[in-house]
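Dear colleague,

Please find below the structure that I am handing over to you. My notes on one helix and its surroundings follow it.

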Amino acid sequence: MKSLILTSLYLAKDTIHRWFSRVSSPLARVLVVYFLGLCALCSLGSYALATKIVRDKIISRGGDLVLVTMVPSRASDCAHLPTAAELEELLDIETYALSSAGSARLQNGQHASVYTFDFDRMGQCLPHMAASGGPTLLQSPDGTLPPGPADVEFMGEQCTVFVRNLPENHLLMRLIHSRGIIVQADSLPDKQARHSFMRLVARVRHLENTESILRVERYFKNLIRLEQANGNVISASRLLEELDTVLSKQNLCRMAFCLGISCIVGILLTALAGMEYRQNEYIYTLMKSFGIHPIMLVGAFIVENIIIVGASFAAAVVTFMHFQKIIVSQLLKLGNYSLSLEEILPEIHIISITLGVCILISSIPIIIAAHRDIGRVLK
């Protein structure tokens, strides 16, 4: 055990001595790995950033939404849906569901659809309604009516509703579009409360891939079929499938790019490691004659390259993360966007794996040289 520790210390001391006596050797490895790693991060980061930009735009335009319309096959029937809590637990989605109850004429001459909701969804809708829980006209911030009481004509009678604005990106606004009146079902006549159709909007909380939204789409299609109702399900699944196809082709480009970098780094490490071993081959052969196993000599070169390559690539990652806004906006021309460490982590893993393979390949000449016959070297 003592000899192992002393041998390791000697090899470490010899490595540090070589670094200071021939600075060009470690410096060449540091600069090549650093700049190639930085270039690889810029290139692969542009793929990741472009994907993020496209995905964010798709989501901002409703790419994570599923719109469902259910029409009972008979006028006497009602469409039935699981509760919001059940859908959230089962599919990890946020939902709003409203039932059509006709339309109303506003005081400015425009029309607005009237909706009601099931009892189990009262906790969702009441916070958006008037304080009394009375009929409420929900509209986008640029709506024509000012917030507050307003007169409408509904079912041939004049009534007062409370006007309230909701943000454009609110999930409920995705369901009623620019404006809609929501009322409690018990405030309508029985005939009017029996809706002609039901509409539901679902937002996938974690849109990781196309399957996340296809699972929700399949669920509601099966539900419509089991309810023996008419209806349709609308989503951006086809657009997301096309995006996944493009990303799969990008993965081939990413791997080819990393392979090219690994070839350059591998050639450099192999050449320098072979040259340095040959320069010290006589000393290492003497150490072998004293009983030191060749694995120790090979391991010293592998550890040396791991330290140099690892530190150089780590510096490249730090540089990219620190200056990425300048790199993205000035070099890649992708606007004022940035990537978090978690988002760029897959690219870091790919580059790290290729660099690790380079280190192992570069040790092959050392393994061959370390197993040469002692007599042939010392003669």
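Is the crossing of α3 and α7 left-handed or right-handed? The crossing of these two helices is right-handed; a crossing counts as left-handed if the near helix is turned anticlockwise from the far one by less than a right angle, and as right-handed if clockwise.

Before the details, please note that this is a predicted model, in which local features need pLDDT of at least 70 and side-chain atom pairs count only at pLDDT 80 or more, while totals for chains, interfaces and linings use all residues. Residues are numbered from 1 along each chain as its sequence is written, and side-chain values use heavy atoms, with hydrogens and water left out.

Helices (H or I, at least four residues) and strands (E, at least two) are DSSP runs, numbered from the N terminus. Helix α3 covers residues 84-91, and its buried residues are Ala84, Leu87 and Leu91. They span an arc of only 65 degrees around the axis, which places them on the same side of α3; the arc is taken from the directions from the helix axis to the C-beta atoms. Ala85 and Glu89 are exposed, on the face of α3 turned away from its buried side. Here buried means under 20% relative accessible area, exposed over 50%, and partly exposed in between (1.4 Å probe, protein chains only).

The cover over the buried residues of α3 includes β2 (93-106), α4 (122-125), β8 (198-204) and α7 (210-226). α3 and α7 pack at an angle of about 135 degrees, with their axes 11 Å apart. This makes α3 oblique to α7. Axes are lines fitted to C-alpha atoms, for helices over the stretch in contact, and angles run from 0 to 180 degrees between N-to-C directions. Angles under 35 degrees count as roughly parallel, over 145 as roughly antiparallel, 65 to 115 as roughly perpendicular and the rest as oblique.

On the α3 side, Leu87, Leu90 and Leu91 meet Arg215, Val216, Tyr219 and Phe220 of α7, where contact means heavy atoms within 4.5 Å. The residues of this contact comprise six nonpolar, no polar and one charged.

Lastly, most residues other than glycine have a negative phi. Asp92, although not a glycine, has a positive phi of about 55 degrees. Asp92 lies in the loop between α3 and β2 and is partly exposed, at 29% relative accessible area. Gln228 also has a positive phi of about 55 degrees; Gln228 is in the loop between α7 and β9 (230-235) and counts as exposed, at 63% relative accessibility.

Yours sincerely

Definitions and conventions
Ala, Val, Leu, Ile, Met, Phe, Trp, Tyr, Cys and Pro count as nonpolar, Asp, Glu, Lys and Arg as charged, and the others, Gly among them, as polar.
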